[in-house]
Amino acid sequence: MPDFDLGASIPPHTAHAVSVSLPTWKSNIGYEEGEDWVVGKMSTGYPRAFLFPTRQIAARCVRFVNEHASPAVASSLDTIHLVLDKTRSIPEALESLSPVISAVLCSQKTFPVLKQFWQHTGDGVSSRRAEFCHSLFKDGLLHPDDGATTPASTSPKPCRGPRRYQRPASVDTTKATPQQKPNPDHSSAAGPEIQETSRFLEERFGRNLDISFVQPAKSAIKRRIAGALRSDCELTTAPAPEHEMESNSRGVVNLKEDDIYLFPCGMSAIFNSHRALLGTHGSLKSINFGFSYVDTFKILEKFGPGAVFYGNGSESDLDDLEKRLEGGERFLALFCEFPGNPLLACPNLVRIRQLADKYDFAVVVDETIGTFANVNVLPFADIVASSLTKIFSGDCNVMGGSAIFNPNSRYYAALKEWARTGYEDTYWPEDVMFMERNSRDFVSRIDRINANAEAICDVLRDSPLVKHTFYPKYNKSKANYEACKLPNGGYGGLLSVVFLRHEQAVAFYDAVETAKGPSLGTNFTLTSPYVLLAHYQELDWAEGFGVERDLIRISVGLEETEQIVNVFRAALMAAGETAAIKE
């Protein structure tokens, strides 16, 4: 097993890595407390920058801050929009990328509110986009747009944000993408400038990242999401005929490629699904059903009139919801995960669909953890969202998200009309290319991950040290999972465990020889004290819904089954020895 130092990127030596190493229980607490011995060693964070890909998104950020901050604080806001300098000789290939970028400038007092928008919506720019635009800015090819607040002759001062998100500029160093070498001499002459820009594009994208393949890559990603394309299919310059979508694992014969929308990350897919429903069906409260990822509830709570939270996602919760509906209450939509994170509980989608049809609210299902290779939730949902960053990519080096509009939904026509003007394709081309390449073997990875997760779960369930294990195969909501499980599907690669005593959890986590850090769905096993990281400021609240503070979440990878099982047996032994010493 690899030895990850504190603060090292996960995977190691990977530019734009999605996770970072927090190898001990104490280091996770130090991270949440902002202690320098932890954050000072972090070489990476989540690969997003505190910038926005369009002026429209920057404007939404400004509106959010104006709504949620005091007038005195909000008055300090300013914006700047960087676009290609059309007075310069710009290669056509560069112009086709639309490498624009926007920033919202604020005071230190305003920043916490601005950060909420950036964090919850997922609509910041990826680190690849930020890096690319920064190089163009240094070369003088990006400048403030006319009417922007910062004069064109003035270079804006960089706003680096919290230390946990700071990282030196870097470039993916793969065989297909040779690392760019900085050129200290940037000539202002037109000829050398064009040559330098062309060389930059060639080195940045490489032969296997030819920008002419961006649209086919998006098409391939969408068809994989639909279950209509063999995952190992080589990329071609032209999309397959539309009729080939008729055969797909979603069981919806009229599903089309343009019913699938791509986003820069999973939270952006959730946020923009919420935006679409608010834009088409008015200002009504939504329902967060089940204990879902923290930012989903924050989106429903802070953008629009608010939300009702049913944290248990149980049948009794559905009983209560039905009484409210019978009493005349109306809602915009019900958002849920299938399964949920981190308890892996599954809501009753059959009953939810019946209530939605009777009382006219939309159903949005996040299938990130279940994955469409194991379950099919589209027949029960109006919108299906997913984080492609996770198991769809697997390599932990690129972000992405998707949303499917169900063509059989009563809201379909209105959602498609909203998308004509409300949807912005901000998925950065280079991220698209990495995602397409990573996802080619998506389906072939699932069987091994399913088998490994079941084997690890069985080992944990047999241990006398373990208080609870959470996995769809063994949870009380198993019947709800089975209602959506595909004939050849498994139970997924995510499970959680709670030990009888705190010191056992700490000893187990410190001893387990896997990568240890945030995120999930990686091709290697990744362990995390999830509740500490996701709910550190609200641990008591989380425990009220059965999410115990010492819960450890395990995202299972592609290791040999016997090897990874032995890793967990050894960690259990270390936890047992700790318990014996305490006694």
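These legends describe close-up views of a predicted model. Local features need pLDDT of at least 70 and side-chain atom pairs pLDDT 80 or more, while totals for chains, interfaces and linings use all residues. Residues are numbered from 1 along each chain as its sequence is written, and side-chain values use heavy atoms, with hydrogens and water left out.

**View A. Helix α11 and its cover.** Helices are DSSP runs of H or I with at least four residues, strands are E runs of at least two, and both are numbered from the N terminus. Helix α11 spans residues 294-302. Its buried residues are V294, D295, T296, F297, I299 and L300. Buried means under 20% relative accessible area, with exposed over 50% and partly exposed in between (1.4 Å probe, protein chains only). The cover over them includes α6 (111-121), α10 (266-281) and α19 (530-534). Strands β9 (286-289), β10 (307-310) and β11 (333-337) also contribute to this cover. Just after α11, G304 takes a positive phi of about 110°.

View B. β9, α11 and β10 make a right-handed β-α-β unit. Right-handed means that, with the strands pointing away from the viewer, the path from the first strand over the helix to the second runs clockwise. β9 and β10 pair in the parallel sense over four bridges; pairing requires at least two DSSP bridges between two strands. N288 has F309 of β10 as its bridge partner. In β10, V308 and Y310 point to one face and are buried.

**View C. Helices α12 and α13.** Helix α12 (residues 315-326) packs on helix α13 (residues 349-359) at an angle of about 5°, with axes 11 Å apart. Axes are lines fitted to C-alpha atoms, for helices over the stretch in contact, and angles run from 0 to 180 degrees between N-to-C directions. The two helices are therefore roughly parallel, a label for angles under 35 degrees. From α12, E315, L318, D319, E322, L325 and E326 meet R351, I352, L355 and Y359 of α13. Contact means heavy atoms within 4.5 Å.

**View D. Strand β8 against β14.** I260 and L262 point one way from β8 (residues 260-263), Y261 and F263 the other way. All four are buried. β8 runs antiparallel to β14 (residues 401-405), joined by four bridges. L262 has S402 of β14 as its bridge partner.

**View E. The five-stranded open sheet.** The strand order is β15-β16-β19-β18-β17, with mixed pairing. β15 (466-470) and β17 (515-516) stand at the edges, each with a single partner strand, so one side of each lacks a neighbour in the sheet. Helix α16 (residues 442-461) lies across β15, β16 and β19, at about 10° to β16.

Terms used: Parallel < 35°, antiparallel > 145°, perpendicular 65-115°, else oblique.
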